[in-house]
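Open the model in your viewer and keep the selection panel at hand. This tour goes stop by stop.

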Amino acid sequence: MTPHENTVIIDKLVKRFGDFVAVDDVSLTVKRGEIFGFLGPNGAGKSTTIRILCALLAPTSGVATVAGYDVAREPEAVKLHIGYMSQKFSLYDDLTVGENIEFFSGIYGVPRDIRDERRAYALRMAGLEEKEQTKTSLLAGGWKQRLALGCAILHQPPVVFLDEPTSGVDPLARRAFWDLINELSHAGHTVFVTTHYMEEAEYCHRVALMYRGRVISLGTPHDLRKQLRSDTLPEPTMEDVFVSMIEREDAALAGGKS
Amino acid sequence: MISFRRTRAMARKEFLHILRDSRSLYLALMLPVVQLILFGYALSLDVDRIPILLFDQDRSPQSREMLAQFRGSRFFTVLGDIESYQPGEYAITSGTAMAVLVVPRRFGEDLAAGKQVPVQLLLDGSDSNTASIALGYARAMVAGYSNQLRTEYQIRNGAGEIKPPVDPQIRVMFNSELKSKNYIVPGLIAVILMILASMLTSLAIAREWENGTMEELLSTPVRASELALGKLSAYFILGALDTVTIVLAGVYFFGVPLRGSALVLGISAGIFLFGAMSWGLMLSAITRNQLQANQLGLLSSFLPAFLLSGFVYAIDSMPALPRFMTYIVPARYFVAMMKGVFLKGVGMELLWGEGLLLLLYATVVFVILTRKLRQKIA
Ligand SMILES: Nc1ncnc2c1ncn2[C@@H]1O[C@H](COP(=O)(O)OP(=O)(O)O)[C@@H](O)[C@H]1O
Ligand SMILES: [Mg+2]
């Protein structure tokens, strides 16, 4: 792969649940090694988009490829090349830290010769070297999330999808988690991450603002803020950007209807 | 193209779940034996010592001789002799006696003359099962006695060395002590294993859906067949342990003879568990809800296994519709196999048909299970 190859390509993606349009004509591309943020309020369609990209849901129309594989036509190949952390905590509570790692190592088919190395890496990354024998249910939220991330990248997937990995985690642990995401990006992993914490947009290389199934704005955090800069608002935050974008979108929708 | 590594990882993880949930584990290991003992006693309908009153209107040597057979039989307990119908009818109505045997006047005389002699039996038919068994006993005893008499008469009248008329004695095959526990326990083992297997597995996939781990699993390269096989093998170990303990309990606690080979029994149980456990997993995959899957598992295993397997009710005497339905109840074949192995000591040369049908059932359910697992999230 060349450094700037696109690892996620979404083209006119639509997902309907009955009459309801959860993902409405979304198109975007994500480059290799990029931290791509998906921002939006609850119900915007972030999780639905990620599930389609992980080949967990079939798109209604449009095309998406991940690591070069079509999610609708080559789901098995897609699953070999991704790591996924779902919005719900997705480890086994009754298993120990070590047993969770061993299980995911097994189902991802991590080769025998690097298994121990990957296991050590996951433990170090999660900061759980001393807690291999600890039951997962006894870990605090932040540690659990880091362990879940460690398990999702045991097989060194080129693309990692993280669905609200920092929700419900205390600010310090959130900060630590974003450090990990940065580390992954430096190691060449593409990270596709959703959040509803606006300030976390600053940690992303690029962000897409999603609202009612549509991407209403896309760019680097710096560019998005610059667009809004004015005399009354010389230093706009991402929060300001998002609010103004939503107001504009709602106005356009109202105008279109009347 | 099933990956052994992924299947093994799945199996190991599932087995850890089983070990960690110690309450369910104890239950799973203890319940079958407890059920066997409880049901085994409740259902052992050994009909003997039937309380009976005797009404001898004849009082001839012959009538006394015949009634003496009833007094000596372990199948009947003679409560006393009566002089009229009234106390007999009262005893049956009040439940103190199950039957009244009435020997008519001229019984001895008519017999001596070689005539056909009726004997009357009054029976409490409210428990029709026991009543028909009692009727059978009484009929066999009277017939035996009358034939013996007739032979003596013919010899005495110079008919010479004629052979006795057809010997009416009923020889009970395979269960010669006529102990119903011998008949009940093998079938009961089959029924209990059916319930156990589908209950154990009914939670296994629904739990992953409820905890959100299923979504994670579906995003990994693990295949539906690997997921199903991995889970099955973990529960299979538990099921095999249960099979061993319940068979041992049947043999040593109830004293039921195991006449056939343990290997044949093991193979039959293995195929059966595979099907029954796939059934539980399938319900789990369809409902994605632990409570629903568990209740469906209980209903769909308990009722057919109990009513339509030929374990309690003989299949041959069922009306056409339920009899037809028994063909799709896997427990029917397993009950037949268990009875065959336990009581008749037969091997696969006679049981292969049932074995194949069980295998077919297991395969069909397993295929549906993997189809269900392959479906997308929504
Ligand atoms: N399986 C489904 N069936 C029907 N509606 C769904 C389903 N999944 C999600 N939705 C709806 O789609 C919308 C987007 O949901 P989601 O992608 O989870 O949003 P987000 O992750 O941005 O909070 C919501 O209104 C949700 O109710
Ligand atoms: Mg979401």
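How many salt bridges does the structure hold over all chains? The count is 23. Keep in mind that this is a predicted model.

**Stop 1: a salt bridge between chains**

Select A:Arg51 and B:Glu215. Their side chains meet in a salt bridge, 2.9 Å from N to O. This pair crosses between chains: A:Arg51 sits in helix H1 of chain A, and B:Glu215 sits in helix H9 of chain B. Side chains of opposite charge can pair when their charged atoms come close.

Next, select A:Glu102 and B:Arg12. Here too the side chains form a salt bridge, at 2.8 Å, N to O. Between chain B and chain A, the count of salt bridges is three.

**Stop 2: the whole interface**

Now show both chains and colour the residues that touch across the boundary. On the chain B side, 27 residues are in contact with 36 residues of chain A. Together the two chains bury about 2700 Å². Carbon and sulfur atoms account for 56% of that area.

Switch to a cartoon view of chain B. Helix H1 of chain B gives the most, with nine residues. Now colour this side of chain B by residue type. It divides into 10 nonpolar, six polar and 11 charged residues.

**Stop 3: ligand 1**

Centre the view on ligand 1. Where does ligand 1 lie? Its place is between chains A and B.

Show the 12 residues around ligand 1. Those that come nearest are A:Gly43, A:Gly45, A:Lys46, A:Ser47 and A:Thr48.

- A:Gly43: a backbone N or O atom lies 2.7 Å from an oxygen atom of ligand 1.
- A:Ser47: a polar side-chain atom lies 2.8 Å from an oxygen atom of ligand 1.
- A:Thr48: an N or O atom in the side chain is 2.5 Å from an oxygen atom of ligand 1.

On its own, ligand 1 has 560 Å² of accessible area, and the protein covers 66% of it.

Highlight strand E2 (20-31) and helix H1 (46-53) of chain A. Each supplies at least two residues of the shell around ligand 1. Helix H1 of chain A gives the most, with three residues. A:Arg51, from the first stop, is in helix H1 of chain A as well.

**Stop 4: a loop in chain B**

Finish at B:Val117. Find this residue in the loop between helix H5 (107-112) and strand E4 (120-123) of chain B. Which residues is B:Val117 in contact with, leaving aside its neighbours within four places in sequence? Select B:Phe107, B:Asp110 and B:Leu111. Then draw a C-alpha to C-alpha distance from B:Val117 to B:Phe107. The two are 10 residues apart in sequence and 6.4 Å apart in space.

Key:
Residues numbered from 1 in each chain as written. Chains lettered and ligands numbered in written order. Predicted model: local features only at pLDDT ≥ 70, side-chain atom pairs only at ≥ 80, totals over all residues. Heavy atoms only, no water. Contact = heavy atoms within 4.5 Å. Buried area = accessible area lost by both parts, 1.4 Å probe. Salt bridge = Lys/Arg side-chain N within 4 Å of Asp/Glu carboxyl O. Helix = DSSP H or I, 4+ residues; strand = E, 2+ residues; numbered from the N terminus. Nonpolar A, V, L, I, M, F, W, Y, C, P; charged D, E, K, R; others polar. Near = heavy atom within 4 Å. Polar contact = N/O pair within 3.5 Å; in protein donor to acceptor, adjacent residues only side chain to side chain. Areas by Shrake-Rupley, 256 points an atom, 1.4 Å probe, with all protein chains shown as cover.
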